[in-house]
Amino acid sequence: MADTGAVTAVVNGPLAVSWLGAMAPMAHQTAAQLGSGDFTEGVVSNLAMQVAGNATPLRTAEDRGVSPELLTPYMSLMERRLADGHGEEDTTGVVELLAPREG
């Protein structure tokens with residue numbers, strides 16, 4: 001494995017658990033948005049803002065020698081949803097791009 005200068009998993013594990021705990025309530029908001037079809041409800045950081053910031057995690061991965069392969073497909077979907085005119089939405093709208101198309 002490349003020397004990423006990363007802190008060990010033993011140190012990062014608790015940070016990841018803390019972050020996941022903080023993000024867990026988003027599952028409820030995502031479910032509510034999917035149920036209602038309103039992807040603008042309760043948005044704090046809209047899709048346009050998040051797409052504008054995508055370069056930062058990509059640059060960080062590159063700087064650390066970590067592959068961005070898990071990030072780039074999701075970022076491509078985010079960019080596509082934004083290009084379709086949904087910049088005011090939460091990222092939940094990206095799910096629409098994965099749903100089967102009728103017709």
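## Down to one helix, then back out

Start by selecting helix H3 (47-52) and helix H4 (55-64): both are part of what covers the buried residues of H5. Keep them on screen, and bear in mind that you're looking at a predicted model.

Next, select residues 72-83. That's helix H5, twelve residues long, and it reaches 16 Å from its first C-alpha to its last, close to the 16 Å expected at 1.5 Å a residue.

Now show side chains on H5. Which of its residues are buried? Pick Met-75, Leu-77, Met-78 and Arg-81. Turn the view until you look down the axis of H5: the buried residues fall within an arc of 155°, so they line one face of the helix.

Time to zoom out and color by secondary structure. You'll find five helices and zero strands, and reading along the sequence gives α-α-α-α-α.

Now look at the outline of the whole protein. Its C-alpha trace spans about 50 × 25 × 25 Å along the principal axes. The radius of gyration is 16 Å, while a compact globule of 103 residues would have one near 13 Å.

The accessible area comes to about 7,200 Å², with 62% of it belonging to carbon and sulfur atoms. Of the 103 residues, 18% count as buried. As for contacts with a separation of 6 or more, 61% are between residues 24 or more positions apart.

Key: Residues numbered from 1 in each chain as written. Predicted model: local features only at pLDDT ≥ 70, side-chain atom pairs only at ≥ 80, totals over all residues. Heavy atoms only, no water. Helix = DSSP H or I, 4+ residues; strand = E, 2+ residues; numbered from the N terminus. Expected span 1.5 Å × (residues − 1). Buried < 20%, exposed > 50% of the residue type's maximum accessible area, 1.4 Å probe, protein only. Arc of directions from axis to C-beta. Contact = heavy atoms within 4.5 Å. Rg over C-alpha atoms; globule rule 2.2 N^0.38 Å. Areas by Shrake-Rupley, 256 points an atom, 1.4 Å probe, with all protein chains shown as cover.
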